[in-house]
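User: Hi! I'm new to reading protein models. Could you walk me through a few features, one step at a time?

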Amino acid sequence: MALHLFSSIRGHRNQINALSRVVARGEPGHAYLFEGPEGIGKDTVAQALLARLACLDAAPQAADACGACRSCAALLRGEHPDLVRLARDGATIKIDQVRSALGRLRFDPVLGRVKGLLVESADLLREEAANALLKTLEEPPSRTVFVLVSSKPQLLLETIRSRCQVLRFSDLSPDDVAALLVAEGVAPDAARVAAALAEGSMHRARSLCDPARMALNDEVARFALALGTAPPTDAAAWIEQIAERRATLAQAQGADSDNAEADEEPAARTGKTALTREDLQWLLDVLRAVLRDVVLCGTGIDAASLPHARHAAALHAMANRCDIGRIVAVVDACQQLEQRMGINPNPRLALSALLVEAGLRLRAT
Ligand SMILES: [Zn+2]
């Protein structure tokens with residue numbers, strides 16, 4: 001576990017304020033469940049809470065751990081004897097891991113004010129592991145705080161959930177995601193594109209920032225921004241080509257793919273090559289995001305302030321060239337196709353038809 005401070009966490013203000021009040025009262029609960037979407041920083045908030053609760057020198061009203069006491073110093077070294085982090089081993093969290101973690105919490109705190117157990121992806125606790133943890137939650141040792149974190153809380157045993165105070169987290173705003181990416185060293189223009197498409201998830205945003213994926217993203221953006229210009233584009237062939245490049249990319253990244261993405265259900269294949277429903281979803285997301293920027297540009301908003309600012313000149317050109325109402329209609333059509341994706345027998349054909357029609361609708365007159 002590392003030393004995190006509430007004050008340096010971006011987003012989640014309501015949750016952090018609530019936890020700060022708990023800290024200031026000096027009577028934390030025994031067990032918390034932080035639930036909410038994957039990749040938004042719940043673990044970091046949990047670590048900041050445990051760091052603050054264990055800190056020896058923070059003033060009672062201070063939100064943050066002091067950063068200097070023996071407990072904080074141990075966190076900075078990454079080896080705190082009282083604060084234990086339990087994470088998946090392979091696909092699940094196993095009973096041996098739970099037993100070993102609980103064993104470390106059996107005695108009084110060595111360094112800090114409290115002992116703490118952070119359980120990442122608590123929904124991955126296997127049944128016997130969950131039951132072992134439940135026994136401890138039912139008779140919690142003194143001065144011990146449990147924080148369970150989960151993006152799939154419906155998979156937790158109800159008996160565990162009911163022992164915890166539940167704190168619900170929401171998606172990060174696109175501004176928060178972009179700022180966090182920039183802090184991680186991503187170029188601001190790429191960060192904004194990724195943030196606009198990431199649906200509040202840092203995991204997703206980081207993978208979108210990969211240069212090869214960003215290049216593909218740019219290619220879809222250029223295609224969208226050229227809709228309606230001569231010569232007419234062969235939409236079906238273009239989709240095919242994008243699908244192949246995405247499949248190559250997915251293969252190349254498969255080996256080091258993120259855990260959070262890896263346990264998602266495999267996407268259903270929808271066409272003769274590797275175009276998955278997930279690919280189509282992504283294509284529609286990018287098309288919509290780019291065209292939405294054109295619409296905003298057409299209402300007088302400066303393209304430099306929009307997510308696709310890196311295509312500012314083309315955004316302006318399309319906003320000037322096309323009737324904004326027609327672009328809105330194409331955005332709507334993308335959204336409708338997205339909603340019907342699950343029941344559409346041939347979504348690739350539907351997308352191809354949509355693009356051909358969009359090209360006609362937005363043709364320069
Ligand atoms: Zn401290």
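Analyst: Happy to! Let's start with burial: a residue counts as buried when its relative accessible area is under 20%, as exposed when over 50%, and as partly exposed in between. Keep in mind that this is a predicted model.

User: Is Cys69 buried or exposed?

Analyst: Cys69 has a relative accessible area of 4%, so Cys69 is buried. Cys66, in turn, has 32% relative accessibility and therefore counts as partly exposed.

User: Which residues are the protein donors of the zinc ion?

Analyst: Both of those cysteines take part: the SG atoms of Cys55, Cys66, Cys69 and Cys72 lie 2.3 to 2.4 Å from the zinc ion. Along the chain, these donors follow the spacing C-x10-C-x2-C-x2-C.

User: Why is the arrangement around the zinc ion tetrahedral?

Analyst: Start with the general idea: ideal angles at a metal are 109.5 degrees for four tetrahedral donors. Here the four donor atoms subtend angles of 101 to 115° around the zinc ion, which makes the arrangement tetrahedral.

User: How many disulfides are there?

Analyst: A disulfide needs two cysteine sulfur atoms within 2.5 Å. By that rule the count is zero. Take Cys322: the nearest cysteine sulfur belongs to Cys297 and is 12 Å away. Cys322 counts as buried, at 8% relative accessibility. Cys209 is buried too, with a relative accessible area of 15%.

User: And which domains does the domain assignment give?

Analyst: The assignment gives domain 1, residues 6–168, and domain 2, residues 210–361. Their C-alpha centres lie 40 Å apart.

Notes:
Residues numbered from 1 in each chain as written. Predicted model: local features only at pLDDT ≥ 70, side-chain atom pairs only at ≥ 80, totals over all residues. Heavy atoms only, no water. Donors = N, O, S within 2.8 Å, 3.2 Å for Na, K, Ca; no water. Tetrahedral: all angles 85-135°; square planar, octahedral: opposite > 155°, others 65-115°. Buried < 20%, exposed > 50% of the residue type's maximum accessible area, 1.4 Å probe, protein only. Domains from an automatic or database assignment.
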